[in-house]
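Thanks for sitting down with this one. Let's go through the labels one at a time and check each value against its cut-off.

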Amino acid sequence: MDVARDVEVPVRAETDIVHVRREAREFAREAGLSLVNQTKLVTAASELARNALVHGGGGSCRLEVVRKGVQVGVRMIFRDQGPGIANVEQALRDGFTTVGGLGLGLSGAKRLVNEFHIESRPGEGTMVTVIRWR
């Protein structure tokens, strides 16, 4: 997979979530995503950035315009060094929450993108990689 453009955005405060959303929208436009798919990507970016901040104590988001053959899309990689997720399968279930929310953050983000991968180890943090293709 070739990376045409990338940027790293810190996620350490609520205002950083807004910055991640803005960058996600810009990258989605650059990749030629439809308005509907731009909105899906921005919504996923918001959920995943909020998770990194709230559950992971902050982290970062790397955004990339990627090309794979004739496909063009946006890849986002969210990292934190928080406590990690003890049971990833459970965390991906609709309705599961540890902070009293709706429990749709991870599972909702997964539905909004074409590719979703999560790695997490208790005590080491979490990395979520998503791609939305044009």
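Q: Which residues is Glu-64 in contact with, leaving aside its neighbours within four places in sequence?
A: Glu-64 is in contact with Val-3, Arg-5, Asp-6, Phe-27, Gly-73, Val-74, Arg-75 and Ile-77. Keep in mind that this is a predicted model. Glu-64 itself is found in strand S2, which covers residues 59-68.

Q: Why is Glu-64 called buried?
A: Buried means under 20% relative accessible area. Glu-64 has a relative accessibility of 5%, so it counts as buried.

Q: What makes the pairing of Glu-64 with Arg-75 a polar contact?
A: The cut-off for a pair of N or O atoms is 3.5 Å. The side chains of Glu-64 and Arg-75 are joined at 2.5 Å, and a polar contact of 2.9 Å links the side chains of Glu-64 and Arg-62.

Q: How far apart are Glu-64 and Pro-122 in sequence and in space?
A: They are separated by 58 residues in sequence and by 27 Å from C-alpha to C-alpha.

Q: Why is Arg-5 called partly exposed?
A: Partly exposed lies between the buried limit of 20% and the exposed limit of 50%. With a relative accessible area of 29%, Arg-5 is therefore partly exposed. Its place is in strand S1, residues 2-11.

Q: What surrounds Arg-5, leaving aside its neighbours within four places in sequence?
A: Its contacts are Glu-26, Phe-27, Glu-30, Leu-63, Glu-64 and Val-65. With one of them, Glu-30, the side chain of Arg-5 makes a polar contact of 2.6 Å. Arg-5 and Val-74 are 69 residues apart in sequence, and their C-alpha atoms are 9.7 Å apart in space.

Q: How do you know that Ser-60 is buried?
A: The limit is again 20%. Ser-60 has 13% relative accessibility, so it counts as buried. This serine lies in strand S2.

Q: Which side chain makes a polar contact with the side chain of Ser-60?
A: That partner is Glu-8, at 3.0 Å. Leaving aside neighbours within four places in sequence, the contacts of Ser-60 include Glu-8, Val-9, Pro-10 and Val-11, together with Ile-77, Phe-78 and Arg-79.

Q: Why is Ser-120 called buried?
A: Its relative accessible area is 16%, so Ser-120 is buried by the rule of under 20%. Ser-120 is found in strand S4.

Q: What polar atoms lie by the side chain of Ser-120?
A: The backbone nitrogen of Ile-85 is 2.7 Å from a polar atom of that side chain. The side chain of Thr-126 makes a polar contact with the Ser-120 side chain, also listed at 2.7 Å. Outside four places in sequence, Ser-120 is in contact with Gly-84, Ile-85, Val-88, Gly-125 and Thr-126.

Q: Which residues of H1 and H2 meet?
A: From H1, the residues include Ile-17, Val-20, Ala-24 and Ala-28, and from H2 they include Leu-35, Val-42, Ala-45 and Leu-53. By class, this contact of H1 with H2 has 10 nonpolar, three polar and five charged residues.

Q: What makes H2 roughly antiparallel to H4?
A: The axes of H2 and H4 cross at roughly 150 degrees, coming within 9 Å. The crossing of H2 and H4 is left-handed.

Q: Which residues form the contact of H2 with H4?
A: Lys-40, Thr-43, Ala-44, Glu-47, Leu-48 and Asn-51 in H2 meet Gly-105, Leu-106, Ala-109 and Leu-112 in H4. The classes are five nonpolar, three polar and two charged.

Q: Why is helix H4 described as largely enclosed?
A: Six of the eight residues of H4 (residues 105-112) are buried, so the rest of the structure largely encloses this helix. The buried ones are Gly-105, Leu-106, Ser-107, Gly-108, Ala-109 and Leu-112. Their cover includes helix H2 (35-54), helix H3 (88-91), strand S4 (115-121) and strand S5 (125-133).

Definitions and conventions
Residues are numbered from 1 along each chain as its sequence is written. This is a predicted model: local features need pLDDT of at least 70, side-chain atom pairs count only at pLDDT 80 or more; totals for chains, interfaces and linings use all residues. Side-chain values use heavy atoms; hydrogens and water are left out. Buried means under 20% relative accessible area, exposed over 50%, partly exposed in between (1.4 Å probe, protein chains only). Helices (H or I, at least four residues) and strands (E, at least two) are DSSP runs, numbered from the N terminus. Contact means heavy atoms within 4.5 Å. Axes are lines fitted to C-alpha atoms, for helices over the stretch in contact, and angles run from 0 to 180 degrees between N-to-C directions. A crossing is left-handed if the near helix is turned anticlockwise from the far one by less than a right angle, and right-handed if clockwise. Ala, Val, Leu, Ile, Met, Phe, Trp, Tyr, Cys and Pro count as nonpolar, Asp, Glu, Lys and Arg as charged, and the others, Gly among them, as polar. A polar contact is a pair of N or O atoms within 3.5 Å; within protein, one must be able to donate a hydrogen and the other to accept it, and residues adjacent in sequence count only if both atoms are side-chain atoms.
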